[in-house]
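User: I am new to this model and would like a short tour in questions and answers. Please keep it brisk.

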Amino acid sequence: MKAVRINEFGDPSVLKIEEIPDISAKKNQVLVKLVSSGVNFADVLRRQGKYPGPDLPCTLGLEGAGTIVSLGEGVNGFDIGQDVLVLGPQCHAEMVSVNKHFVFPYDASKLSSSIAGGMPLTFLTAYHLLRTRGQMQSGNQILIHSGASGVGTIAIQMAKHWGATVISTASTQEKMELCKTVGADHVINYTAEDFEQTINEMTDNEGVDLVLDAVGGPTLEKSIRCVKSYGKLLSYGNASGESANLPASDFTTLNRTIIGFSMGRSPFGSLDHKSAMQDILKEVYAGSFKLIVDRSLDLEEVGTAHAHLSGRKSKGKVILTV
Ligand SMILES: NC(=O)c1ccc[n+]([C@@H]2O[C@H](COP(=O)([O-])OP(=O)(O)OC[C@H]3O[C@@H](n4cnc5c(N)ncnc54)[C@H](OP(=O)(O)O)[C@@H]3O)[C@@H](O)[C@H]2O)c1
């Protein structure tokens with residue numbers, strides 16, 4: 001079968017389409033023939049050697065959508081031919097074998113399989129950030145950085161739908177417009193204005209209930225100072241690649257909480273993906289949450305997809321069609 005492989009770390013030229021041996025479903029696994037697979041910032045970091053993963057050579061991709069081909073020993077409750085979303089490694093390929101706990105049936109008459117593969121990681125990340133870890137409440141004020149990113153575009157929709165006032169940041173006019181379109185009440189172009197100052201002005205120096213930050217570095221340093229007393233900062237990535245200097249007084253003084261989040265490195269069973277995905281799909285079918293697709297590309301165009309993401313040009317998700 002065809003797969004996107006890396007044999008070494010480096011620029012997009014290290015991404016190769018290779019023929020690799022067919023795989024089968026091992027114990028507790030479900031074998032899925034993929035139709036689409038989302039490209040995530042984590043894939044870019046992995047290709048650059050800045051993200052944990054298996055030894056090289058390896059297949060990239062962390063999420064997908066397709067149909068079940070076979071079931072491994074110990075797997076019940078799924079049918080051959082069923083349409084499913086999958087979360088897990090090696091999804092930039094024609095087939096993937098995934099642990100049964102990370103396989104989610106969906107209705108392909110209500111959600112196109114050609115884009116559904118860009119949903120699982122992004123939607124579950126936004127859901128767990130806001131609900132499981134952030135415990136957001138209706139009426140909260142929430143600052144969402146990188147609002148036009150894959151995760152950002154979904155987090156804005158969810159926070160708004162669940163009753164929050166949403167302030168987001170973005171670096172360009174086009175990205176700001178997208179943040180507005182998906183529901184942000186206010187968007188800050190952080191390249192033109194100091195977001196910390198703007199948040200202080202907007203909240204009478206009180207700050208917001210929750211901040212979602214995957215930029216890290218100096219952004220994280222300012223983000224903690226945008227959190228109100230007893231509010232929370234959710235740190236879930238470090239796109240800037242920079243270190244943050246966080247004086248203890250910035251979080252002790254106002255009883256602020258800093259919460260770390262990693263889907264991939266959450267202990268098995270600690271996140272209830274099944275019920276999260278049921279909640280998510282209900283809202284997707286009802287039209288409340290919509291995947292924002294920047295572009296769909298063929299698997300062979302994975303290098304273009306990576307260049308687009310690492311150049312910070314993408315708005316919403318880039319999807320590979322298998
Ligand atoms: N913890 C988890 O489990 C988890 C899960 C999924 C994603 N993540 C993290 O969440 C973030 C968003 O992921 P995604 O796949 O949705 O990303 P994406 O669509 O590729 O968007 C990333 C955005 O981050 C912003 N950014 C700020 N500083 C950047 C920098 N130095 N280099 C590149 N981008 C920068 C850019 O928006 P502006 O141009 O508007 O600044 C960029 O468009 C990433 O940091 C990712 O690692 C974490």
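User: Is serine 314 buried or exposed?
Analyst: The model is predicted, so local features need pLDDT of at least 70, side-chain atom pairs count only at pLDDT 80 or more, and totals for chains, interfaces and linings use all residues. Residues are numbered from 1 along each chain as its sequence is written, and side-chain values use heavy atoms, without hydrogens or water. Buried means under 20% relative accessible area, exposed over 50%, and partly exposed in between, with a 1.4 Å probe and protein chains only. Serine 314 has 13% relative accessibility, so it counts as buried.

User: Which residues does serine 314 touch?
Analyst: Serine 314 lies in the loop between helix H10 (302-310) and strand S16 (317-321). Helices (H or I, at least four residues) and strands (E, at least two) are DSSP runs, numbered from the N terminus. Contact means heavy atoms within 4.5 Å. Leaving out residues up to four places away in sequence, the contacts are Ala148, Lys175, Asp294, His308 and Leu309.

User: How many aromatic pairs does the structure hold?
Analyst: Rings of Phe, Tyr and Trp (its six-membered ring) pair if their centres lie within 6.5 Å; planes under 30 degrees apart are stacked, over 60 edge-to-face, and the rest tilted. The number of aromatic pairs in the structure is three.

User: How many residues apart in sequence are the parts that phenylalanine 102 and phenylalanine 268 tie together?
Analyst: These two rings form an edge-to-face pair, 6.1 Å centre to centre with 70° between the planes. Phenylalanine 102 sits in the loop between strands S7 (95-99) and S8 (103-105), and phenylalanine 268 in the loop between strand S14 (257-260) and helix H9 (273-286), so the sequence separation of the parts is 166 residues.

User: What is the geometry of the pair formed by tyrosine 127 and tryptophan 162?
Analyst: Tyrosine 127 and tryptophan 162 are both buried. Their ring centres are 5.7 Å apart and their planes stand at 85°, so the pair is edge-to-face.

User: Which residues do ring pairs link into a cluster?
Analyst: Tyrosine 127 lies in helix H3 (residues 120-133), and tryptophan 162 in the loop between helix H4 (150-161) and strand S10 (165-170). Ring pairs link these into a cluster of Tyr127, Trp162 and Phe289.

User: Over which ring does the charged end of lysine 222 sit?
Analyst: A charge sits over a ring if NZ of Lys or CZ of Arg is within 6 Å of the ring centre and within 35 degrees of the ring normal. For lysine 222, the distance from the centre is 5.6 Å, and the ring is that of phenylalanine 195.
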